[in-house]
Amino acid sequence: MSDDSVQEVGFWFDPACPWAWMASRWMLEVETVRPVHTVFHVMSLSVLNEGRELPFDYRAEIDKNWQGARACIGVDRRYGQQALRDFYTELGTRYHLQRQPRGDIEVIREALKALGLDESIADAADTDVYDDAMRVSHHEGMDPVGDDVGTPVLHINGHALFGPVISPAPKGEEAGNLFDGVSKVTAYDGFFELKRTRTVGPIFD
């Protein structure tokens with residue numbers, strides 16, 4: 001956006017991550033109550049965990065995430081930012097609200113079809129054709145924040161930070177108030193971390 005009064009926030013997500021989904025719904029809500037524009041970008045939990053020794057069950061789950069992130073890159077490259085936003089909502093609704101299986105190309109195909117997008121992106125997402133572009137997007141988002149985090153990642157006020165991890169996603173002015181707080185702490189160059197133990201899982205509403 002060209003309006004200098006609008007604050008641009010970069011948001012890196014893997015569509016498979018429920019915490020990124022919650023934070024993305026928060027950022028979309030923030031846009032309705034604050035002069036903020038969210039620019040969505042793809043990271044990959046599969047790329048992040050390449051070469052790491054992981055428990056067998058967790059590795060199996062991580063390996064289901066390749067296709068969704070690749071499809072998001074495919075949509076972004078073919079159709080641009082607004083289509084990526086819409087596709088993330090469509091695919092994320094299937095993954096997180098409807099609990100459709102990650103790693104299933106037909107789930108991706110149906111999400112593309114629902115938006116009138118080229119369904120061949122689903123087939124390409126089952127190959128490595130988008131991997132180079134996905135790695136570029138991933139590293140643009142993740143390298144500035146470090147290796148010991150996942151998603152969501154925000155780029156705001158010239159800083160890259162993991163989080164926020166929230167459940168459920170706040171609505172209305174409550175969403176705006178949370179954004180105000182996050183924006184203020186990230187404006188300080190010496191700010192690095194706030195954290196407390198999670199007491200609830202993802203609450204989808």
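**Exercise 1. Work out what share of the chain's residues is buried, and how the fold is laid out.**

Solution. Of the 205 residues, 48% count as buried, where buried means under 20% relative accessible area with a 1.4 Å probe, protein chains only. Keep in mind that this is a predicted model, in which local features need pLDDT of at least 70, side-chain atom pairs count only at pLDDT 80 or more, and totals for chains, interfaces and linings use all residues. Residues are numbered from 1 along each chain as its sequence is written, and side-chain values use heavy atoms, with hydrogens and water left out.

Next, the elements: there are 9 helices and 4 strands, taken as DSSP runs numbered from the N terminus (helices H or I, at least four residues; strands E, at least two). From the N terminus their order is β-α-β-α-α-α-α-α-α-α-β-β-α.

**Exercise 2. Describe helix H6, from its start to what follows it.**

Solution. Begin at the start of H6: a side-chain oxygen of Asp 104 comes to within 2.8 Å of the backbone nitrogen of Glu 106.

Now the helix itself. H6 spans residues 105-114, and its buried residues are Ile 105, Val 107, Ile 108, Arg 109, Ala 111 and Leu 112. An α-helix has 3.6 residues a turn, so residues three or four places apart point the same way.

Which helices do the buried residues of H6 pack against? They pack against H4 (66-79), H5 (81-97) and H7 (120-124), with contact meaning heavy atoms within 4.5 Å.

Finally, Gly 116 follows H6, and its phi is positive, near 75 degrees.

Conventions: Buried means under 20% relative accessible area, exposed over 50%, partly exposed in between (1.4 Å probe, protein chains only). A polar contact is a pair of N or O atoms within 3.5 Å; within protein, one must be able to donate a hydrogen and the other to accept it, and residues adjacent in sequence count only if both atoms are side-chain atoms.
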